[in-house]
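Please walk through the following model with its backbone geometry and its packing in view.

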Amino acid sequence: MEWEVVIGLEVHVQLATQSKIFSGASTAFGADPNTQACAVDLAMPGTLPVPNEEAFRFAVMFGLAMNAEIGKRSVFERKNYFYPDLPKGYQTTQLEQPIVGEGQIEIHLEDGSSKTVRLHHAHLEEDAGKSLHEDFHGMSGIDLNRAGTPLIEIVSEPDMRSAAEAVAYLKKIHSIVTYLGISDGDMSQGSLRCDANVSVRLKGEEELGTRTEIKNLNSFRFIEKAIKVEAQRQIDLIEDGGRVVQETRLYDADKNETRSMRSKEVANDYRYFPCPDLLPVVLSDEYIEQVRGDLPELPDAKCARFEKEYGLSAYDADQLTQERLTANYFEQVAAKSGEAKLAANWVMGEVAALLNREEKSIEQSPVNAEHLAGLIARIKDGTISSKIAKQVFEAMANGDGDADAVIEAKGLKQVSDTGAIEKLVDDVIAASSAQVENYRNADPDKRPKMMGFFVGQIMKASKGQANPQMINKILKEKLDALL
Amino acid sequence: MHQLTIAEIIRGLRDKQFSSVELTSHYLERIQQLDSQFNSFITVTSEQALKEAATADARLAQGDAPALCGVPVAHKDIFCTNGVRTSCGSKMLDNFVPPYDATVIHNFQQAGAISLGKTNMDEFAMGSSNETSYYGAVKNPWDVERIPGGSSGGSAAAVAALLAPGATATDTGGSIRQPAAMTGTTGLKPTYGRVSRWGMIAFASSLDQGGPITRTAEDAALMLSIMASPDAKDSTCLDRPVQDYTAQLNDAIAGLKIGVPSEYFGEGLDSEVGARVQDALKEYEKLGAELVEISLPHSKLAVPAYYVIAPAEASANLSRFDGVRYGYRCENPADLRDLYMRSRGEGFGEEVKRRILVGSYALSAGYYDAYYNKAQQVRRLIKQDFVDAFDKVDVIMGPTAPNPAFKLGEKNADPVAMYLEDIYTIATNLAGLPGMSIPCGFAHGLPVGLQIIGNYLDEARMLNVAHQFQQASDWHQQTAPAAE
């Protein structure tokens, strides 16, 4: 039997507004507990919510980027439930009339194929606070700094058919919200969180299987692993004659398994009703068009432009445009060095490896765009070879200054002087009589391969600084002269 | 001095007939001597009042006196007062001292008014008799065996007993007008959104509205001019400039068209109360007004619709009282569930719990359409009734309440009988319209209120109409015997 996995995602994105969605308190992360919670956030009696216009603008930007309908009249509702980190006893959210309606985006998969994922809707809501269960001697601590932080909850249709597609979709959402500048997208701080609805069915089946919801996945890796393990669990269950129960499950990364949350609370009745403290928000066409006019270039458009403007492959262009700051970095390097292809290789190669190694983001890169462009310029003008360039790059990463300073200080300038190279070639030929003899006796078509030995020796003698093209040329002339 | 109206106090202070400290001391002494009979105050802020009065006197001396400079008023204990316990009549908030002022309180401070203290009220403004207060029932100064009406019973009783020349109050279904009717005072509920709800503890957000209780329409106009303001802190507050509500008081009302809804004079109306209201209407005819019979066909549905919508909103508004951050918390909770159940079970009174249950039920899955949605549809029909009526008339009049003040405990066993107290007042809250109650005589020896309903933001005309009646009658000048 061949099974098909069906996945829909609910993604929560914290919006990078200065203040909260219904109060003037700051949204900055990492402050001491309860220092960024005002009377409104604490739900003190008599306090009232006042909507933050910026949160609406951000949500509209997102909707436009998702090619979605914009809700010209959106209504906040109260979702009622008791929890200590939910100060009002209800969450202010949207249900019937969300700010963003149906839409769709294209996702790019590693095999180079693309796929369209439909957006069901996205709505604005407030985040809850945090319960802290450690260090309180049998009690829980409550930190309400996060309470009232604006979120958009992005609900997809069940259009994804593999964990890889789900990750690609999530990466696309991440890319869009960071391009728009409406979220920092930092998953480690909870700025982007994801619940996955997973079901399985036999391939070709029309009807959807019973789904489970995996809660609070907060890294791309965990999402992929959690979906895979949950889909397999469901398949095993059905193949063993069991039935999937609709429930909420948690992913345990240590054991790489999902497990049921207590189903006692499944029968929650949230008693939604329109929030009488907030009027419906009505957006004019002019407002929406103004927001559209102010949208930055989005990943798909940038990717297409990179292919056209810089002559990059579709794969390279896609890689470089996934993150806005990476794309910016690349464009600076390409512009300053005048070598787009080399710039692309370096950004995706050495720079990516360096950042990965040092666990840094592109804006924290130890080698800035200007320094990398300087390095590429020196490769281009023959001052250094690509091999030496890697050495220079490492030195720049260690803070030894720009490329020219490193080349100067370490004497890494490429030797392109004909006399000097001829001498190196002569010395190596003189010291390698056995190899020269072999070369002379070899079939002519095997000789080019045999040159590698001599080139290696000459490079070594020059400490890697001899111009490789010149070595090849002079060496061949000299060896051929011996035939 | 306690016989003076606010208008007279303002003149007296400016003419140096007395100082604010003298006046404030006088009221504080009266409260101390007399209020044990009425229980109209929960908290008296003597020290703060005298300090504010001294400041007011200094400003008056300098000629730098804002509108209500040195005038003592009392505030319903639903308005948050920075540094002063704000209980909302509940054990739940017996220990709650807000770190902020309600916009209404702020407005009075800016106007130089003195706060005598916080008045008693039904718990969370839920009640029509002021018997649900954690601080005990308020007694009607006209007969201390009787209720003063509710939920603003403390404010109404304090004004009727001449313990304050005016008091703030709130009205969700009649809580300003019905106690005004019961105590022979003048009460005004403004258009929804005219007075900010910031810092006013919510009962039913889409219906709650603050307003004044005073002895005259002129005083109500003076207080409303201070209470009303646009407010960026309340999204539902109207962003419209505030009128000078005293400007039109003396306009003649000849030619005024008064709508008299037949539905307000049917079964359930005490005949003596009905007769007093008819007398008042005749008085208006004498003043040159024209009576026009109108119909508000959906009136009968107002009470049922209200008792779905108001509890539904209340059930969510009162969820924040959970024993976690402030207010009452039960002793030694065993776990989270126990903390919630006992804090709320012990902190709320019976009527509050009843309404939370009714509201939660109305919103629950499977019942939402039958109750909440249906009630909202009814609400639109009721509003449309008024819109149609105001095409034909300038104001609408009828009784404020179906009967005069009843005996303490008389309706406690029957919640529905209690809810019917607001049968004539609730519709204006559902429609968001302004309404007033002014004294128009006595039935069974007790005050009767005439209700005046105005069109949206037409408070100035409503006050003009009330003032003209008070110029031609002296019902509002009668004082309760216990106030002497």
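A residue is called buried if 20 or more other C-beta atoms lie within 10 Å of its own, exposed if 12 or fewer do, and partly exposed in between, with C-beta atoms placed from the backbone. This is a predicted model, in which local features need pLDDT of at least 70 and side-chain atom pairs count only at pLDDT 80 or more, whereas totals for chains, interfaces and linings use all residues. Residues are numbered from 1 along each chain as its sequence is written, and chains are lettered from A and ligands numbered from 1 in the order in which they are written.

Helices (H or I, at least four residues) and strands (E, at least two) are DSSP runs, numbered from the N terminus. Helix H5 of chain B, residues 153-160, is mostly covered, with eight of its eight residues buried; among them are B:Gly153, B:Ser155 and B:Val159. H5(B) is followed by B:Leu162, which has a positive phi near 60°. A cis peptide bond with omega of about 10° joins B:Gly150 and B:Ser151, and B:Ser151 lies in the loop between strand S3 (114-119) and H5 of chain B.

A nonpolar core is here a set of buried Ala, Val, Leu, Ile, Met, Phe, Trp, Tyr and Cys residues joined through C-beta atoms within 7 Å. The largest such core has 149 residues, and B:Leu116 and B:Ile452 are those with the most contacts inside it. Helix H9 of chain B (residues 302-317) gives the most to this core, with nine residues. A second, separate core of 58 residues includes A:Val13, A:Ala55, A:Leu64 and A:Leu217.

Two residues are in contact if their C-beta atoms, placed from the backbone, lie within 7 Å. On that criterion, 26 residues of chain A are in contact with 37 residues of chain B.

Some non-glycine residues also have a positive phi. A:His137, with a phi of about 50°, is found in the loop between strand S7 (130-132) and strand S8 (141-143) of chain A, and A:His137 counts as exposed because 4 other C-beta atoms lie within 10 Å. B:Leu457, with a phi of about 60°, is found in the loop between strand S11 (446-453) and helix H15 (459-472) of chain B, and B:Leu457 counts as partly exposed because it has 17 C-beta neighbours inside 10 Å.
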